[in-house]
Amino acid sequence: MSSKTSSLIHITLFVFLFTILNAQNFYSGTVVDENSSPIIGAAIFIKNSAVGTQTDFNGEFILEANIDDVVVMTYIGFEDKEFKLNVKKDLGKIVLIEKIDFLDEVVVVGYGNQMKEILTSSVSSVSGEDLTIEPIINANQALQGKAAGVQIIASDAPGSSSQVIIRGLGTIQGGREPLYVVDGVLTNNINNINTSDIETISILKDAASLAIYGNRGANGVVIVTTKRGQEGKFSFNINSSLGFRNISKKTPMADASSFVTFSNEAIYWNLNSDSNPYNDNSLSYFFPTNQLYNTNWLEEVSQLGLITNYNISASGGQSDIKSFTSFSLNKEEGILIGNSFERATFRNNINFKVSNKIDYSHNISVQLANSTPKSYGVFTSAYKQSPIVPVRDKNGRYGSSIAFNNVANPVAQLNLQNEKQRYLKLQGSFKLDYKIIKSLVMTSRFSIETNYNRFYNFENRLAKYLSLEPGNTINNFQPTDPDAPEIPETVLNVSHNNDYRWFLDNYLNYNKNFNEKHNIDATIGIVAEANKYESLFGSRTNVPEESNLNFNLDLGSNNDGTEESGGGFSEERKLYSYISRLNYAYLNKYMLNASYRRDSANFFNKKFRHGNFFALSAGWFISEEYFMENSPFDKLKFRISYGELGNSQIPSLNVVRFNQGFPYPFGSNQDIQQGGTITATIQEDLTWETTSEYNFGIEFALLNSKLNGEIDLYKKINENAILPMELPDTFGFDPFLSHVGEISNVGAELSINWTDNFTDNLTYSIESNLAYNQNELSKVTNQFFANQIGGSINNGQYTKKVSLGQPLGSFFLYDVAGIDDKGQFVYKDVNNDGEVNEDDRRFFGSFIPSITAASNIKVEFKRFDFNLNIYGSFDNKVYNGKKAQRFGNENMEKYVFNNRWTTERPSSSTPRASNSIPLSSNYFLESGDFFRINNITLGYTFNSSNSKIFKKIRAYATAKNSLILKRFSGYTPELPGNPLGLAGVELDAYPTLSSYFLGVNLSF
Amino acid sequence: MNRIDKNLNKYVCCLLISLYAIHFSCSDKFLETNANEITIDAISAEQAVELVNSTYNILLSWQVSSFSWNAISSIASDDADKGSDPGDTGADKHLFDILAHDATSISIAEVWEGHYNGIQRANQAINRIKLFDDLDLELRHRLIGEAKFLRALFYFRLVQTYGGVPIITETPDVNSPIETLLRRASKNEVFEFIENDLIESINVLPEKSTYADNQLGRATIGAAKTLLAKVSLYQNKWETVLELTNDVIKSGEYNLTPNYEDIWKEVGENNEESIFEIQAKGELPSVGVDQYSLTQGARGVGGWGWGFNVPSENLLNSYDPNDLRRDATIIFRGETLYDGRFVPETVVNPMYNQKAYSSAFTDYQQTGKNIRILRYAEVLLMNAEAASQLGGDVAGPLNQVRNRAGLESVNNPSQIDVWNERRWELAFEHDRYFDLVRQGRAATVLQSLGIPFKVGKHELFPIPQVQINLSDGILKQNPGWE
């Protein structure tokens, strides 16, 4: 007889005797978890006695006890609860709190799960719960500040996703975004995922965890696991919120009279400049001082943004079939008038236990989105357009500045843009698990993802022409030259882009513990995927403009002067891979892990198709050693890893093509014969970039696990980075791309969490993280490497350069020494050759911050919950592109006006009024440091114990970006994009917004 | 229930195992996709002809045959002036006119770039076609011969222009040391390389008459021999010149066009006199020499082009008044052309190059103008020049050329007679500057016209500065241009 059964018998006997001997009182209640789901089989007994019972299927219990008895409730995985009984017999709902125990924590990794305890790799996890505390449309934005080493450059534009950089930028020509895996589907983004559907997000950061994703692992992997149905009665959750948004910080601009003063000074200086004998007459026109209008263009194009979110989900089931279903609707009216985005999502996740050996599950999601885009160039136009131009003149026509500058009327620009984008995305994965024996499971999963995107753009060229200049009329729209081709009045462009991909994953998992000492967890499998992309586009001219046009290419006929044209494109990519992983743990104290993937891809030249990726890692749970018994550490673990990863998102021209564009006419009839050759803008051996990564980590817990944290140190090297080469013309080839560089990222990550409670009513936690990353183009292996310039601000000036020994995204500018006695910039002669020219540019640092820090504070006091998230990024530079682009007779910032150099008031830092294009210099470069309160949420959970319908009612208020401390004078220091393009350069950028939300969470 | 379970388990198990087996077995096949286009892996014998055609295509480029090449081969000489409006420099053409160009002049860089691009295409063709074992042997040899002929032509022009240049024969391995990649070969090494290519071409190329009509324009044995004769002429290898030109004359493949002017008309394309010419098609879709006719067309009201590379006074005055070639070479302001076009007095320059005039497609970007590279008259003149050096029949071949131009025979032609005949016969055919240098009288002739030709410098054009920079200084500048 086991001890358990014997004690049970004892208890029963005891209770029975007790009942007879004493007239007892019956206490009753229901034990539930934090989600108000009943806990079945929780043990309830009187302290220091053998009297007790268990909860039934509904979590209910009846216990005979006396007043002042201390009752103890326990259940595996939950914190024990003790309280003294009083006269009240109905104990109502008693909530047990789930135990946060690192020993039991399971982490989602590639093609499986692993116990956090024996994990030897660096993986950050974010729970779905943390994402639903506040309203978030785009899941990757919510990751900002949640995980160390995961940098999110946020964008507040409607429907846009933020840029995610994991452990530094490791490539310049290749794709920079991490791989996303949603329930097994490998995909490019998670824009389509309803945040409320997310159970967990795992971010794989080091080679040990990433190698199993082979040639797509180098930028990191974000694994999203969606919620599954829970056994029990169906429960419903409703989350809904309403929010308002506006621009966090506006840059004060000069008013009409300042504009006139400044511009007239500029014209005066221009006319008196000795160095400019050919003055442009159009700039020689002085502005009268009495202006009729004083337009604030930013006010004219922007509005208060509005967001509404609705989400409903249902979860429940029986032991062999469980389902989770959700539906959500998000709608945003942007701060730019007319700019909007709306999204609807649907999800259905099913688990079905077919037999004792077979489990079936599927996840299906559908996303529909409509977007009305507006050019963010309007923000630049609004910055540059003169305040003396009216939105509309007295005749009702758009105000025009064509007489003195080339800036569009921002309001006309907005109104004349007629564009729609529609997206449909389907994602589904169907999985079958077959338990061959208890410890060996065979898994087959088939997944699909399809995107069907349609873009429409209606150009009303006549209306645009009329808006340009007051003198433009419909009569002078067509060119006067009778031979010149007729200009179409309207053009309708339509394009359809389809993307269809499928995945077949077959793998075996063996997990067994021998003698309670040796734990083996092995996975081996084959995965294949195919991706077909198709694009079709067409256009038609002179289609009638009608409100019910509905973007129909069929309107108008060829007889009335309409012209059609069309085109298309298709591409097919396939990948076939073997995957394997072996974990071995001895006494859960010493861990070894090896993983390997072989990828074969059709999109590289045959000889360079196959790639092998692997990782090795080891861990030591030193706190489990006997000599650590008296140490202050509740947990202390070391882990170390090395591995090689790939980035296959290399430029699209990755196959050297036989270029057939070189014909020659032979014969007396001069028949054109096709000619072809290899012009090779890339090298034949172009294949994935290979990254090797070392990682050393420490995990610890102290003070009864109230304090726990992780430290990671890593060195990540892209050993064969693709860079451009400029070959001598003697070789007869165009400049091309080749594996000739090495990009290194070296960094450290620290995360520290503190969880405690002051009293039963007041619990709190502080989770903080800090990351440092040093990025550099550390080696160039070819003599023909071309220092690539970038960051052009479209006025002939560039701002960035890729160069050996510098971080990627480094600014390369003239260095301003001061202002001369004529009020003009003086630049430093950096190379001391007596003249200032291109050779005097120097590096000023990168747009990529090397330090990011965040802190997340949660406080629960009685029924109140409070959440505060702060985030900052430091040590980077941003370029004020719109300010640097300012040209003749365009508006200027108030600061520039007030502080300009004049003969009466010479300035040593701000130049005189000028109408010429400034050289790109550090005058326009500013610190990108910022620190802000990302989110403050205050929630209140109503007492629903008396409600028959609701299990939980919570209302909350959230403020996002309510406070931002930044040094940058522009709209936003967060400027995502291409490192050689406008990343870190503020030009046509969407401003950072402050948002205020009210919301409710209901459960029933 | 248990039984159903068991069967189900069995079926699913079988299904999964077979799925795994299928999955495992078809990996290679799976990766094969129908390519949208030919990738480097798929180039086969089927592309052999295209590889060679693309090498001919280089002859149509701006850099190799048009504006930039005219600067060096024509405007720099005493035959031509820059032309056009005084204010329109054509980027650097005004500098070539007075030999004030330098290593940074754009034409210098473009001619280098264009010819090496052609060499690269020829190398691709030669090295790939060599490996196409399944290609008909005769065709394989012919195609390689054509590519080598073109490669020789490109190197010949480079050695004429720049002197010794790097010899590139393979796709360069960008990882090998720059010294081996970009070393300048000596002038003799380059000539030797050209001769080898041409000898190999001569061994495999057919006669012009054996080509099918729709293949006209491809390199022939006659073209290869003529080019080799010309290459030998530039090295004073007189025996070889004489031998090869005699061969071409005796081949019976070629003859003089009765009317000199007809050579540059549409009717004269690929005629009996033509040995090698660049093929061009003006009808849409046009495939012609990039803006060759346009840049040289009459400029101004009533004109049709940019007006560059115009005949000089000196050339005009050098002609015998009875020489039919004068009016066939020069378009005069106020003249009515052979096709009835009137050139009004409103055009900017008094004279234009008639050999670049396209009657049917006058102002097209790409006209139907075939550029004559090698023709029978030059064979006769080279024959005469060699004979005058070696003591043979000079008057015979020379007078054939003279008589066709409406001039009387000369009895004992001197060397200067042969040289002058060459000038009149081949004006604007891209030889004059190199001829003067070859004949050793460039300084005398040009200086007498006030053109500052500097001995020891202007015999060669400078190596483009941008190439010297990219070579880390391995490429050394020509003397006098440092």
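This is a predicted model: local features need pLDDT of at least 70, side-chain atom pairs count only at pLDDT 80 or more; totals for chains, interfaces and linings use all residues.
Residues are numbered from 1 along each chain as its sequence is written, chains are lettered from A and ligands numbered from 1 in the order in which they are written, and side-chain values use heavy atoms, with hydrogens and water left out.

Let me start with chain A. Along the principal axes, the C-alpha atoms of chain A fill a box of roughly 115 × 70 × 70 Å. Of its 1004 residues, 54% count as buried, a term that means under 20% relative accessible area, with exposed being over 50% and partly exposed in between (1.4 Å probe, protein chains only).

Patches are made of residues with over 30% relative accessible area and no salt bridge, like charges being joined within 9 Å and nonpolar side chains (Val, Leu, Ile, Met, Phe, Trp, Tyr) within 5 Å. Areas come from the Shrake-Rupley method with a 1.4 Å probe, and for residues only the protein chains shown count as cover. Lys and Arg count as positive and Asp and Glu as negative, without His or the chain ends, and each charge is placed at NZ of Lys, CZ of Arg, CG of Asp or CD of Glu.

The nonpolar patch, of about 630 Å², has Phe234(A), Tyr310(A) and Phe327(A) among its members, and β17 (232-247), β18 (305-317) and β19 (321-333) of chain A each supply at least two of its residues. Phe234(A) itself lies in strand β17 and, at a relative accessible area of 46%, is partly exposed.

Lys438(A) sits in the loop between β22 (418-437) and β23 (440-460) and is exposed at 80% relative accessibility. A negative patch brings together Glu34(A), Glu98(A), Glu129(A) and Glu860(A); of these, Glu129(A) belongs to helix α2 (residues 128-132) and is exposed, at 63%.

Finally, salt bridges, each defined as a side-chain nitrogen of Lys or Arg within 4 Å of a carboxyl oxygen of Asp or Glu. Arg639(A) forms one with Glu710(A), the closest N and O atoms being 2.9 Å apart. This pair links distant parts of the chain, 71 residues apart, with Arg639(A) in strand β29 (residues 633-647) and Glu710(A) in strand β33 (residues 707-725). Arg639(A) is buried at 1% relative accessible area, and Glu710(A) is buried at 16%.

In chain B, Glu189(B) and Arg183(B) meet in a salt bridge at 3.7 Å, N to O, where Glu189(B) is partly exposed at 34% and Arg183(B) is partly exposed at 48%. Asp431(B) and Arg422(B) pair at 3.2 Å, and both are buried.

Terms used
Helices (H or I, at least four residues) and strands (E, at least two) are DSSP runs, numbered from the N terminus.
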